[in-house]
Amino acid sequence: MIFSKHLLSHFVDISHLDIEQMCMRLSSMGLEVESAYPLKMPQKVVVGKILSLTPHPDADKLNVCKVSIGSQELQIVCGANNVKANQYVAVALEGAVIPHTKSGEIVIKQTNLRGIESCGMLCSSVELGLPKINDGIMVLDSTAGHLELGVELGNLPLFNDYVIEVGITPNRGDCLSVLGIARELATSYDLRLKHEVDMDNVVTLGLGRVLQILCDEKIEAHLLYRVVEVKQAYLPLDIALCLARNGSLVDDIMCNFLEYGTYMTGVILNAYKLYDCENKDIVLDNGLVAQLRIKKDENGLGAVFAHQKLSIIGVSYGERHFGTRSEIYIIEASYVNPTLIAKSLYKHAIKGDVQLTYRSTRGSNPNLEQGIDFLCRKMVLVSDALVYSGSHNIVQNIDEITIKTTFKAINQIIGIELDKEEIATILKRLNFKLDATCDENFFMVTVPNYRHDIQSIQDVAEEVLRIYGIDNVSSVPLLCSQSHNINNTYFTYKNTRKLAYGLIAYGFVECIHYVFASSQNLERLGFVRLDEDLELLNPITNELDTLRTSLLPAMLDSVKRNENLGFKNITLFEIGSVYSSKREEKSKLALVASGCMQDECYPHTKAVKWNLFAFGTICQRCVGDLSFRNIRDEANAKELLSHFCFTDERLLHPYQSAFVYQKDKPIGIIAKLHPQVATNMDLSEEIFICEIEIGMSDFSLPQAYEFSKYQKSTRDLTILIDKDIPFYRVRQILLEDQIAYVKNIYPIDVYYDKALGEKMALSIRIVLQSDEGTLQEMQLVQAVESVLSVLVREFDAVLRT
């Protein structure tokens, strides 16, 4: 909502108020001031009058104007298409700095335009830093103030002004007008609003002779009609600037008058041409009578009909093209309950006029006479117009909102103790009506008809506090007993973030997806769905129609989006909730990596691509002590896949996939994405995925273990062993045997050949270390022999030489 100090002066005298303090007061009352600035007219721009003009002898689009500025007459060449004799204009004198011309900032100098001397410039509104009101020069009129030739433009009341913009919350439809802002200021500073003289005192002709209003049925609307005869339509400068500043200036003069009346008073105004509404069957005083019929339309909304539907009350203005010729207009002021309008628009999916429904659904001003009189008075003052006496009024009973409360209840809500008299005074200044009840402890508050947002005692208390001033409320320490915050929730959050920070340190990016998923997408990728009787009854969209049973589908979609955006190396992780088919919630961690671990960078001339082992190593380092077992080596693979919400292995690479174990307990899967799935999803083929169950509520403290200060030794063995024996079983047996000095065992290489038959050559490395001293060669040999004997005993292994 943009307004100015000049516009506020129509309703309340604020000349004695400090603008900065006033802006702070508005913000404290809930009308947040977003900007406030004074209008600054360039120096040496004065009021002038065009005495005469003649066409330029050497330019078709230029005119040579003789302009008086009081003390002298100037010759100015002007190319504006709206320049005319006897116009009052803004004249930039020699030396004036004009900031906003097509060439930027210019300094006015005496110049020669095609052989004609020009001593100044006739300015447009844009060139003076004002909003655009036309395509030519700005023509001054009496609405700018007393036009004395030679007076600086910045001294005129219209330009010696302050422009303020406030943000209006959706519940404050009463403040979508200058009158609404003026009411707030009058309440805050205890000022009186100005009351205009009734229009019936300044008009002559009778409305009843030219207009009939018929209402066939009860409608939920309040309507007021007047008739105005406009002999010469003219849009004054103050209206043009006001509407242009708010972005609502249009080419039609009558539409601008109607918009101005609504903008100033908050009353919704419309107009119809009397001639278009005449009923040829009705003749009165030797003239036809216009007839409007008010009834409900096909959607049950109140509408105005003549020969056809003209408008929908509070929804659509209808066709509004009035022109500039002499015309008699039917002026309509209307009000409909905002809740009723909003519900009807939603129910029937009606798209009305945007600006109209914006006002009507938030609550327009129901005091129709106030708005229509303001408009008619303005038209009489600035245009050649006559207003017919009398009006047609269609009134529907509007139930007043009354709230029963006590002063004590209001004080309890706002948290301070205010005197009864002070609360009563604030409510009366807000135009609330207070009535005592039989019980002297209670009283009834009647809400003003323009305050549609007041529905409860809490709203009343908020109004009291708003006017009293939130800054006037003393702060009080919060009285509460401190509780022990180190609990399960604390440890869960702490451990979760610790895990996330570890992954971020390795270059992974955390992402968050909806907990909802597409059931079709889950089935397509081989994940289970919720049982049918546990599905969502009211999904937020048709696509997100179920709860996710895995984090991976959404993460693969994110990889695809990032690849489409041109990213080549993508590493993502998410920690979130998933659900089993029985709708049991679990926390899981999912990781996805594609592209390269490291791009080409001297001295490394080749990029380092992701592989399953590097991917698994990062998982181990971040999550903890993990081990991996080939899916094909597990006898209960199907049961484990089902436990992890997989229906089958279609998502997993047939030769690069494994179950993830932690302390011999299966917690998830790690794999390369199946090439066919990558192709179907239009993804890079080199994508690695991991999804594991995590328990982040561990209360245990980190445990410290002794470690040897003596050096490690390694010995390598290559054995022939059955090719179906997985390495994790070899490692498990050797470590369980607790061979002296053996700290760790890991594979180096594996070799298959037809000559080996059902055997494979497995190379392993044994890590040896003592806690008591440096190992001697004899001890190393004995340890290796012990390892070899276990391999022979358990796996029928043969040392390959």
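**Close-up views of a predicted model**

**View 1. Y741 is partly exposed, with a relative accessible area of 29%.** Here buried means under 20% relative accessible area, exposed over 50%, and partly exposed in between (1.4 Å probe, protein chains only). Y741 sits in the loop between α18 (727-736) and β39 (742-751); helices (H or I, at least four residues) and strands (E, at least two) are DSSP runs, numbered from the N terminus. Its phi is positive, near 75 degrees, in a residue other than glycine. The model is predicted: local features need pLDDT of at least 70, side-chain atom pairs count only at pLDDT 80 or more, and totals for chains, interfaces and linings use all residues. Residues are numbered from 1 along each chain as its sequence is written, and side-chain values use heavy atoms, with hydrogens and water left out.

**View 2. D190 is a non-glycine residue with a positive phi of about 55 degrees.** D190 lies in the loop between α3 (178-189) and β14 (211-215). It is exposed, with a relative accessible area of 55%.

**View 3. The largest nonpolar core has 112 residues.** Such a core is a set of buried Ala, Val, Leu, Ile, Met, Phe, Trp, Tyr and Cys residues joined through side-chain atoms within 4.5 Å. F3, M138, L153, F159 and I181 touch the most other members. Helix α5 (residues 253-265) supplies the largest share of this core, 8 residues. Apart from it lies another core, of 34 residues, including L525, I570, A671 and I687.

**View 4. Surroundings of M138.** Beyond its neighbours within four places in sequence, M138 is in contact (heavy atoms within 4.5 Å) with residues including Y88, C123, L128, I133, L153, F159 and L237.
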